[in-house]
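Please open the structure in your viewer and keep the selection panel at hand. The stops below say what to select next and what is to be found there.

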Amino acid sequence: CRASIESDVSQRKEDVPAPHGLSDKIVGVLGGGQLGRMLCQAASQMAIKVNILDPLENCPASSMSHYHMVGSFDDSATVEEFAKRCEILTVEIEHVDADTLEKLEKQGVDCQPKASTIRIIQDKFLQKVHFSGHDIPLPRFKQIEDLESAIKAGQEFGYPLMIKSRRLAYDGRGNAVAKTEEALTSAINALGGFGHGLYVEQWAPFVKELAVIVARGRDNSILCYPAVETVHRDNICHIVKAPANESWKIMKLATDVASRAVASLEGAGVFAVELFLTEDGEILLNEVAPRPHNSGHHTIESCYTSQYEQHLRAVVGLPLGDPSMKAPASMMYNILGEDEGEAGFIIANQIIKRALCTPGATVHWYDKPDMRKQRKMGHITVVGPSMGIVEARVKSFLKEGSAEDI
Ligand code: ATP
Ligand code: MG
Ligand code: MG
């Protein structure tokens with residue numbers, strides 16, 4: 001037995017160095033925004049080294065990373081150079097150079113999730129084609145190339161009609177709603193015309209939006225976090241309630257659709273699956289993010305394993321952690337820029353000051369260099385013994401007289 005252990009160790013010495021902790025592998029993250037920052041925070045707890053690639057010298061993850069390469073995650077030469085300094089490549093944003101990731105993978109670079117996944121997801125139209133090919137329920141959709149095809153799609157799907165950019169979309173920037181056929185041209189123009197690729201989706205008559213974070217390990221094991229309700233304001237995630245207040249049947253359906261969607265993609269990591277719940281109890285997939293996600297911020301305080309720790313465990317090949325909630329209820333409130341510059345900071349500070357005195361509340365501030373309207377500047381998670389109590393606590397730190405619907 002001893003001989004066999006010694007031979008195992010000597011073999012490992014030749015192949016991979018023995019880990020001196022949870023993992024000796026340097027994880028390279030393309031992108032250094034708030035998601036990258038929270039990945040670095042989780043990594044520090046496990047003593048895993050995280051390098052980041054981001055063009056902004058003072059991006060949110062910069063000060064927390066092991067090494068920050070200043071450069072574009074959409075530039076081939078830069079991504080190749082960055083890859084030389086990492087043992088595993090992962091992403092905190094899907095708008096990265098997928099061609100280069102594919103090339104690097106062929107050269108043996110370990111990308112998690114796989115470049116094929118990033119390629120499918122970064123083009124929302126391809127994403128829809130992929131998921132409909134895997135029998136995942138979706139709103140009907142169609143590519144449009146000119147006004148004529150848009151009019152045809154409107155006749156087929158009815159109005160309001162959701163027009164979406166295929167690429168580079170986030171926080172609803174890339175979506176435009178045409179309420180009538182006459183409004184099509186202005187909606188298409190608002191998205192910069194047909195040049196960058198557009199498609200349309202039938203309006204989803206949802207009663208609620210749900211999201212499920214799904215984790216997949218390198219051994220293809222899958223674990224799901226409890227489904228949450230996401231509340232959007234002007235297309236931007238505003239509030240997340242965990243768990244969603246739905247029947248066991250709806251929670252199971254949402255989890256089934258989400259895990260089937262993720263099972264159709266390749267690679268390890270956490271994935272966020274955004275869903276629509278319709279009046280008749282149907283679940284439709286909106287989109288998938290191949291990375292930690294806004295709908296999973298609450299997991300830092302409310303689950304045994306946060307989505308950030310889980311992502312790192314998955315990509316480095318550690319066992320997945322327990323995704324269940326350790327608090328009965330939690331609510332995440334996004335601190336969005338209410339105004340430009342100093343005026344915006346003053347409003348945010350007032351909320352933060354009150355949140356710091358609220359039981360069960362944890363404040364996260366991303367340290368973004370500029371305050372801009374509608375920009376995600378930080379978030380506050382409140383945990384508590386019931387959703388009623390958590391809601392009351394959130395209301396207590398919002399602006400006095402605020403009409404915000406939570
Ligand atoms: P994210 O920041 O989540 O990446 P995004 O820019 O990719 O957002 P979507 O998720 O496509 O945008 O849409 C943003 C929001 O717009 C959705 O959360 C939902 O509220 C609404 N929406 C999107 N598609 C539809 C649809 N087909 N019918 C009705 N509402 C929709
Ligand atoms: Mg999106
Ligand atoms: Mg979305």
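Two strands are said to pair if DSSP finds at least two bridges between them. With that in mind, select strand S1 (residues 27-30) together with S2, which run parallel and are joined by 4 bridges; within this pairing, Val-27 stands opposite Val-50 in S2.

Before going further, colour the model by confidence, since this is a predicted model. The protein averages a pLDDT of 93, and 94% of the residues score at least 70, whereas over residues 1-13 pLDDT stays under 50, and for that stretch the model has 1 contact beyond four places in sequence. For the complex, the predictor gives an ipTM of 0.99 and a pTM of 0.94.

Next, select the open sheet of 4 strands, whose order is S6-S9-S7-S8 and whose pairing is antiparallel. Strand S6 (141-144) and strand S8 (175-178) stand at the edges, and because each has a single partner strand, one side of each is left without a neighbour in the sheet. Direction ignored, neighbouring strands of this sheet are turned by 30 degrees against each other on average. Inside the sheet, follow S7 and strand S9 (residues 198-202), which run antiparallel and are joined by 5 bridges; one place to look is Ile-163, whose bridge partner in S9 is Val-200.

Then display ligand 1, which is surrounded by 18 residues, the closest being Pro-139, Met-162, Ala-169, Glu-201 and Ala-204. The elements that give two or more residues to this shell are strand S7 (161-165) and strand S15 (283-289). Coloured by class, the shell around ligand 1 has 6 nonpolar, 6 polar and 6 charged residues.

For the last stop, select Lys-326, which is found in the loop between helix H11 (307-316) and strand S16 (329-336). Is Lys-326 buried or exposed? Lys-326 counts as exposed, because it has 12 C-beta neighbours inside 10 Å, and a residue is exposed if that number is 12 or fewer. Leaving aside neighbours within four places in sequence, Lys-326 is in contact with Ser-302, Cys-303 and Tyr-304. A distance drawn from Lys-326 to Pro-290, C-alpha to C-alpha, spans 25 Å in space, and the two are 36 residues apart in sequence.

Methods: Residues are numbered from 1 along each chain as its sequence is written. Chains are lettered from A and ligands numbered from 1 in the order in which they are written. This is a predicted model: local features need pLDDT of at least 70, side-chain atom pairs count only at pLDDT 80 or more; totals for chains, interfaces and linings use all residues. pLDDT is the predictor's confidence in each residue, from 0 to 100. Two residues are in contact if their C-beta atoms, placed from the backbone, lie within 7 Å. A residue is near a molecule or strand if its C-beta atom, placed from the backbone, lies within 6 Å of it. Ala, Val, Leu, Ile, Met, Phe, Trp, Tyr, Cys and Pro count as nonpolar, Asp, Glu, Lys and Arg as charged, and the others, Gly among them, as polar. Axes are lines fitted to C-alpha atoms, for helices over the stretch in contact, and angles run from 0 to 180 degrees between N-to-C directions. A residue is buried if 20 or more other C-beta atoms lie within 10 Å of its own, exposed if 12 or fewer, and partly exposed in between; C-beta atoms are placed from the backbone.
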